[in-house]
Amino acid sequence: MTTTAPPTLAAHTAELVTDEDVFAELAPAWERLYRRCGAATPFQSHAWLHSWWRSYGVPGRLRLVLVRHGGDLVGAAPLMLAHRPLPTLVPLGGAISDYTDVLLPDGDDGRAAGALTGELARAARTALIDFREVRPGAAVERVRERWRGPCRTVADSLCLELPAVDMDELVARLPSKQAQRVRAKLRKLGSLGVRRDVVAPGDVDTALGRLLDLHRLQWEGRKVTTEHLQPRFREHLVRSVGPMVRSGNAVVTEFRLDGEVVGVDLTLLSPSLAGGYLYGVHPGLRERKADVAVMLLDACTQHTGTGERGALSLLRGDEPYKHHWRPRPVANQRLLLARRRTAPLLTAALCDAAARQRVKEVRRRWQERRQD
């Protein structure tokens, strides 16, 4: 009588990649993994991250932690090494990304997460790992659960979220008088003849150029996020959004009035959320009493009303106009991971975060007193 040994389960193997060419070649495998990660946001797509690296990365500092199983990519942590103010591994995407995370498939039994955690600890060496802008429920929380060294979580930016429903349902959530005003603004847009068109993939680059030109025009003479006016940001946006549109991770919408493009909106999409990332609108549209916020939200809900998205995110920022829609506040977290020998770096980062928070609080109180 012969017996057959049970099949051996393929091991999960982890590696650290620092080669930029390898990062570029990972696009198909990265996209397949991304599609298996329900918590992933558009800022974890390969098109966004690789384009960001080309615009903002520092040669020699790329640190990609990858996990494979049977030849398939089943885990990824896209990081880079920063030396100031502390030696730190930080996620790719930087300040222009509203969320950071790692990629781990929803069906992982814990082995991919464990392998990723172990390789992250080895890759960190003498550096702190600092994940900023972590959305609740992010995959990196599975890494935190398995981390064996010191770790801390502190508050980061506030995001505001709406349910992923169509415009009629959003309006129905409002008090009756406010809902009537919104409906009147929607009718106003219709009476003006504002037309909305989704841009075809082949025309995305041109539309993004218009978006950035209109964005510069609308903020002329006012305080603006200066990075949005930089050539490197334009190059990143044009390079990344085209592939994202083709893969369903973004949509670009143009608004026309009397045959002229008067507005362009970029909305980013993933299974977990949809969010309006950037827009540009000609000042003349507001002069004609068009409510731009209503126009943009109405366009965004065209991609959420099917119920396929988890949330309609208004992304980072606590601006007063966002509260008109009665959103739910969702606070991002900052996740700090250290090894025992790098615990002093963790303490230094926590002290710095606390000091910055105190400065913000002092400024806020000063502004309130000034207004009073």
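I began with H46, which has its place in helix 3. Helices here are DSSP runs of H or I with at least four residues, strands are runs of E with at least two, and both are numbered from the N terminus. I noted that this is a predicted model, in which local features need pLDDT of at least 70, side-chain atom pairs count only at pLDDT 80 or more, and totals for chains, interfaces and linings use all residues. Residues are numbered from 1 along each chain as its sequence is written, and side-chain values use heavy atoms, with hydrogens and water left out.

**Entry 1: H46**

The cut-offs are under 20% relative accessible area for buried, over 50% for exposed, and partly exposed in between, with a 1.4 Å probe and protein chains only. Not counting residues up to four places away in sequence, H46 touches F23, A24, L26, A27, W30 and S51. Contact means heavy atoms within 4.5 Å.

**Entry 2: aromatic rings**

A pair of aromatic rings is described by the distance of the centres and the angle of the planes. The rule I used takes the rings of Phe, Tyr and Trp (its six-membered ring) and pairs them if their centres lie within 6.5 Å; planes under 30 degrees apart are stacked, over 60 edge-to-face, and the rest tilted. By this rule I get six aromatic pairs. One of them is F43 with W48, an edge-to-face pair at 5.2 Å centre to centre with 85 degrees between the planes. F43 is buried, with a relative accessible area of 2%, and W48 is buried at 0%. The pair of W52 and Y56 is stacked, because the ring centres are 5.6 Å apart and the planes are at 20 degrees. W52 and Y56 both lie in helix 3 (residues 46-56), four residues apart, which is about one turn of the helix. Both W52 and Y56 are buried. I also found one aromatic cluster formed by F43, W48, Y99 and Y277.

**Entry 3: helix 8 and helix 9**

At what angle do helix 8 and helix 9 pack? I read an angle of about 140 degrees between helix 8 (residues 204-218) and helix 9 (residues 231-246), with the axes 9 Å apart. Helix 8 is therefore oblique to helix 9. Axes are lines fitted to C-alpha atoms, for helices over the stretch in contact, and angles run from 0 to 180 degrees between N-to-C directions. Angles under 35 degrees count as roughly parallel, over 145 as roughly antiparallel, 65 to 115 as roughly perpendicular, and the rest as oblique. From helix 8, the residues V204, D205, L208, G209, L212 and D213 meet F233, R234, L237, V238, V241, G242 and V245 of helix 9. I sorted the residues of this contact into eight nonpolar, two polar and three charged. Nonpolar here covers Ala, Val, Leu, Ile, Met, Phe, Trp, Tyr, Cys and Pro; charged covers Asp, Glu, Lys and Arg; the others, Gly among them, are polar.

**Entry 4: helix 7 and helix 11**

I found that the axes of helix 7 (residues 176-192) and helix 11 (residues 292-300) come within 10 Å and cross at roughly 85 degrees. V182, K185, L186 and L189 in helix 7 meet V294, M295 and D298 in helix 11. The residues of the contact of helix 7 with helix 11 divide into five nonpolar, no polar and two charged.

**Entry 5: L64**

L64 has its place in strand 2 (residues 62-69). L64 is buried, with a relative accessible area of 0%. L64 and E20 are 44 residues apart in sequence, and their C-alpha atoms are 9.6 Å apart in space. Leaving aside neighbours within four places in sequence, the contacts of L64 include E15, L16, V17 and F23.

**Entry 6: the backbone**

Most residues other than glycine have a negative phi, and most peptide bonds are trans. Where did I find a cis peptide bond? The bond from R84 to P85 is cis, with omega near -5 degrees. P85 is in the loop between strand 3 (72-82) and strand 4 (88-91). E133, in strand 5 (residues 128-134), has a positive phi of about 55 degrees although it is not a glycine. E133 counts as buried at 6% relative accessibility. R326 also has a positive phi, near 60 degrees. R326 is in the loop between strand 11 (312-316) and strand 12 (328-337), and it counts as partly exposed at 47% relative accessibility.
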